[in-house]
Amino acid sequence: MSRTGLIATGIACAIFALMLLALYLYNHQGILVILVAAIGIAGLALIVIGLMKQKVDGEPTGKIWSWLAFALGVLYFLLPLLATFEFSVKIRREGYTFDAYSLVFADGRFQASFVYSLVIGVAAIVVGILLVVPAAYYVRLRAPHLRPIIEFVTLLPLIIPPIILVFGYIRMYNSSSILPLTNSNLGTDALLTLAYVALALPYMYRAVDTGLRTIDVQTLTEAATIMGANQVTILARVIFPNIIVAVLSGAFLTLAIVVGEFTIASLLNRQVFGVYMQNVGANRAFEPAALAVVSFVITWGAMGMIQLLTRFAPKTAPRNT
Amino acid sequence: MAEPFLKIDRITKSFKDNLVVKGVDLGFNKGEFVSLLGPSGCGKTTILRMIAGFEKPSSGTIVVDGKDITNLPPNQRKIGMVFQAYALFPNMNVAENIGFGLKIARVPRPEREARVEEMLKLIGLPGYGKRFPFELSGGQQQRVALARALAPRPRMLLLDEPLSALDAKIRVSLREEIRAIQRELGITTVFVTHDQEEALSISDRIVVMNAGNVEQFGTPFEIYNRPATRFAATFVGTLNTIGATVDDAAAKRVAIDGQVVTIPSLPTSAKKGDRISLTMRPEAVSLATGQLRDIVLNGTVAEVNFLGSVIRLKVRLGDNAIDVDTFNDQRTPPPPHDSKVQVTISGSDILVLGD
């Protein structure tokens with residue numbers, strides 16, 4: 001890290017430590033003193049290391065402001081999260097405990113709703129991949145003139161609010177319609193899955209399309225075709241393995257959306273994680289905070305997985321075009 | 001003569017209103033190495049892609065080994081192809097790339113592995129099977145692409161400018177390697193290039209193309225020495241063109257820069273006073289130091305380019321300038337700049353080109 005980076009991070013740590021100190025003065029939780037000391041010392045150390053570091057020639061001094069702005073931005077996002085976390089561990093008067101988490105994890109409805117959300121999420125991912133990968137591939141290969149239209153269509157779920165979407169679905173697939181999906185549990189699950197596919201479409205399509213842009217789709221297809229491969233083989237053995245990272249990042253985005261979704265599931269009367277969170281939130285104080293942290297960890301875990309996966313992306317040779 | 005192995009019969013191709021291949025007839029023999037040579041946009045790649053099946057001819061037929069394949073999908077044609085951009089599958093290692101076609105054809109594993117090893121040896125990369133394409137140089141990648149195309153024992157090999165993306169030195173060594181492998185396997189090969197030197201050096205026969213038409217189809221020797229059209233003459237090799245005026249059509253005499261000479265190949269249709277173009281290769285012209293040929297012209301040395309084994313002189317003849325190639329002679333230095341020289345040409349080496 002550069003000199004200014006070290007100093008700015010140190011300053012941010014120091015500010016953070018001061019905030020924790022204020023929190024300690026307010027509620028006298030012993031653990032906070034340790035945190036204040038640890039983060040404060042780390043911050044001071046960073047500042048000292050930064051100051052001692054030889055100034056690199058030509059390093060713009062104005063950089064410290066951008067680092068500071070970055071550090072403040074990080075604090076802006078982290079503080080509410082930290083406050084939520086702090087609240088979630090305050091369930092007992094005696095001090096910080098993870099009892100709220102234990103209560104939540106022990107709750108049968110939590111397990112059921114979470115597993116249900118995961119299953120629906122995985123189903124939405126599978127359907128999404130089967131729908132989007134061949135479509136994006138076909139558009140790139142044979143119908144590039146359709147791309148603007150396809151892009152617009154995939155953006156529609158962002159324009160149409162989920163509440164409108166779900167009312168439309170209920171109207172289309174209710175018990176007195178031609179395709180009464182809402183009549184059975186399985187039908188409603190399928191409808192929910194398809195709704196999530198639609199909701200995740202903008203992200204899935206863009207992720208896959210970006211993946212396809214990194215490979216020479218046409219030449220690879222032709223090379224495989226001339227060796228006797230058919231379209232399905234080409235998609236499965238040549239195209240898909242080369243865009244797997246992009247597909248997975250689309251998949252994790254889908255998962256992140258599904259885990260937090262409330263509107264559609266609630267109106268279709270499905271007990272997903274989001275609906276459970278809302279229920280708990282309406283009746284309890286500390287558990288919702290714990291749930292918020294859990295759902296945040298899941299979302300960030302999914303994002304972290306995307307980052308991790310990009311490291312395993314198949315490397316393409318530099319193309320001479 | 002026996003029926004050609006690959007027969008292209010009055011083939012045309014248009015993209016919307018743009019006619020890019022205009023009724024081409026070609027016949028290639030079995031085991032022959034044929035180059036399609038021409039500037040970009042001449043239709044050579046389109047013809048190759050029609051042979052491969054990636055483009056459908058607007059009219060005409062393609063027959064391979066007596067069987068009409070015009071409407072056969074590309075994956076059933078049993079043709080190998082090498083692309084300019086290598087097109088190796090990035091997710092597969094070298095062995096998997098080479099074995100891809102065999103896997104598709106459901107060749108049993110032991111047989112497939114043996115064939116992959118054999119191909120790796122053929123391209124001079126044994127032990128490279130486990131490497132991934134991104135770990136190879138451009139030349140190595142293209143050799144793997146060649147092995148991949150040949151592994152399923154195709155009945156024909158198509159090469160779409162396979163050397164264009166490589167640097168000059170690799171290009172020369174790889175083209176020799178491709179030719180050697182092609183000879184060893186005796187596989188009918190169609191090679192697309194815009195590089196005339198490349199085409200001349202490795203082909204059995206060359207198809208010179210321009211604007212969707214075949215200008216000439218012949219051996220490199222014929223194409224170079226007896227170009228059939230003005231385009232073929234100017235596109236392949238260096239060509240001197242000098243303006244002349246017909247002096248006496250019956251006696252086949254023309255005037256070049258006021259000097260009257262006899263041209264045996266002067267067409268009978270020429271009339272006195274006509275402006276015509278005479279063309280000849282630089283190596284057909286020599287300095288008149290010893291033996292004189294039927295035409296001797298006086299000129300001035302305008303430029304001396306020492307190219308090593310060959311010296312190229314630019315000799316000015318009034319308004320015209322011609323290139324003269326002479327072999328380097330250790331005992332005789334080239335004439336100096338601005339010196340007066342005589343050049344001599346055999347009348348039979350001169351082509352009178354119509355437009």
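Mentor: What follows is a set of questions on a predicted model, each answered by setting a value against its definition.

Trainee: What makes helix H1 of chain B mostly covered?

Mentor: A residue is called buried if 20 or more other C-beta atoms lie within 10 Å of its own, and 8 of the 9 residues in H1(B), which spans 44-52, are buried. Among them are Lys44(B), Ile47(B), Leu48(B) and Ala52(B). After H1(B) comes Gly53(B), with a positive phi near 100 degrees.

Trainee: How many residues of chain B are in contact with chain A?

Mentor: Contact requires C-beta atoms within 7 Å, and 23 residues of chain B are in contact with 23 residues of chain A. Strand E6 (79-82) and helix H2 (94-104) of chain B are the elements that give two or more residues to this side, and the largest share, 3 residues, comes from H2(B). By residue class, the side of chain B that touches chain A divides into 19 nonpolar, 4 polar and no charged.

Trainee: Why are strands E11 and E12 of chain B said to pair?

Mentor: Pairing needs at least two bridges between two strands, and E11(B), residues 240-248, and E12(B), residues 253-256, have 3 bridges in the antiparallel sense, so they count as paired. Within this pair, Val246(B) stands opposite Val254(B).

Trainee: What makes strands E13 and E20 of chain B edge strands?

Mentor: The open sheet has 5 strands in the order E13-E12-E11-E14-E20 (chain B), and E13(B) (259-262) and E20(B) (351-353) each pair on one side only. From one strand to the next, the twist averages 45 degrees.

How values were computed
Residues numbered from 1 in each chain as written. Chains lettered and ligands numbered in written order. Predicted model: local features only at pLDDT ≥ 70, side-chain atom pairs only at ≥ 80, totals over all residues. Buried ≥ 20, exposed ≤ 12 C-beta atoms within 10 Å, placed from the backbone. Helix = DSSP H or I, 4+ residues; strand = E, 2+ residues; numbered from the N terminus. Contact = placed C-beta atoms within 7 Å. Nonpolar A, V, L, I, M, F, W, Y, C, P; charged D, E, K, R; others polar. Axes fitted to C-alpha atoms, helices over the stretch in contact; angles between N-to-C directions.
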